[in-house]
Structure formats: structure tokens, C-alpha cells
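Hello,

Here is the structure I promised to pass on to you. Have a look at it first, and then read on for what turned up in it.

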Amino acid sequence: MDTINLYGQTYAKNDKALVDTLFNANGTANGTFKLYKNRIELTHTSGEVIAIVRAIDGVAISTKSNGRYMFSTSSKADSLFSIPSDYSAKIPPVWELLKSCNV
């Protein structure tokens with residue numbers, strides 16, 4: 001899996017794949033992703049881990065702040081990752097992503 005999609009944004013597997021999307025007719029990736037046993041980290045093109053999709057006790061999207069993770073997203077993450085403000089619109093795409101990544 002070279003790319004994943006969440007909320008209409010594409011994330012590349014690594015920096016090389018991200019650079020390759022610069023010349024892709026489908027558009028440039030918004031950042032990179034890294035799969036773990038119980039989460040998916042979404043990283044902005046700057047290299048900063050901004051969002052975590054967790055698969056523990058349901059799904060929570062959290063952002064990193066001062067070295068700690070919050071149980072909500074910041075307005076910066078919402079903007080960068082096109083996260084919808086409506087909770088009911090936020091959850092189904094996340095479950096679909098986790099299922100497709102076997103997380």
C-alpha cells in the first residue's frame with residue numbers, strides 16, 4: 001500500500017512516495033503515514049506528526065501538543081487534514097481506513 005486516503009486527503013507511505021506524487025496527475029499527497037499495530041500516524045509535509053488515528057476502544061483522532069497527545073484535534077490539524085467538524089461525518093471514514101489497513 002503506497003498511499004491511503006482519509007477525508008479526501010492522500011497520504012504517501014514515505015518521503016520518496018510523497019515526492020513522486022508531486023508529478024502525479026491525481027494530485028500531490030498531503031503528507032505521509034506510518035502504520036503501527038494499533039494506530040496510524042499522519043505526518044504533515046513538514047515532517048511533524050500532527051494526527052493519530054487510534055484503534056483502541058473505538059477510534060479517536062488526536063494531535064500532538066508539547067510532546068503529549070490530546071483526545072481531540074486542533075484547528076490546525078482540522079485544517080491541514082480536512083477533518084470534518086461534524087462528529088458523525090468524522091467516524092465512518094476512519095473505520096473504513098482502519099479496516100483497509102488491517103489495524
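The largest nonpolar core holds 14 residues, and Ile4, Leu6, Ile40, Leu42 and Val53 touch the most other members. A nonpolar core here is a set of buried Ala, Val, Leu, Ile, Met, Phe, Trp, Tyr and Cys residues joined through side-chain atoms within 4.5 Å. Buried stands for under 20% relative accessible area, exposed for over 50%, and partly exposed for what lies in between, with a 1.4 Å probe and protein chains only. Two or more core residues each come from strand S1 (3–6), strand S4 (39–44), strand S5 (49–54) and helix H3 (87–100). H3 gives the largest share, three residues. As a general background, nonpolar side chains tend to be buried together in soluble globular proteins.

Before you go further, please keep in mind that this is a predicted model, in which local features need pLDDT of at least 70 and side-chain atom pairs count only at pLDDT 80 or more, while totals for chains, interfaces and linings use all residues. Residues are numbered from 1 along each chain as its sequence is written, and side-chain values use heavy atoms, with hydrogens and water left out.

Now the overall layout. The protein chain has three helices and seven strands, in the order β-β-α-β-β-β-β-β-α-α from the N terminus. Helices (H or I, at least four residues) and strands (E, at least two) are DSSP runs, numbered from the N terminus. Of its 103 residues, 38% count as buried. The accessible surface is about 6400 Å², and carbon and sulfur atoms account for 49% of that; the areas come from the Shrake-Rupley method with a 1.4 Å probe, and for residues only the protein chains shown count as cover. If you take the contacts (heavy atoms within 4.5 Å) between residues at least 6 apart in sequence, 40% of them join residues at least 24 apart.

S1 runs antiparallel to strand S2 (residues 9–12), and four bridges join them; strands pair if DSSP finds at least two bridges between them. Ile4 has Tyr11 of S2 as its bridge partner. The two strands make a hairpin with two residues between them, and Tyr7 in the turn has a positive phi of about 55 degrees.

- Thr32 sits in strand S3 (residues 31–35) and counts as buried because its relative accessibility is 10%. Leaving out residues up to four places away in sequence, Thr32 touches Tyr11, Ala12, Asn14, Asp15, Leu18, Glu41, Leu42 and Thr43.
- Glu48 is in the loop between S4 and S5, and its 36% relative accessibility makes it partly exposed. With the neighbours up to four places away in sequence not counted, Glu48 touches Leu42, Thr43 and Lys76.
- Glu96 belongs to helix H3 and is exposed, at 62% relative accessibility. Glu96 and Leu6 are 90 residues apart along the chain, yet 9.0 Å separates their C-alpha atoms.

One last item: Arg39 lies over the face of Tyr36, 3.8 Å from the ring centre. A charge sits over a ring if NZ of Lys or CZ of Arg is within 6 Å of the ring centre and within 35 degrees of the ring normal.

Best wishes
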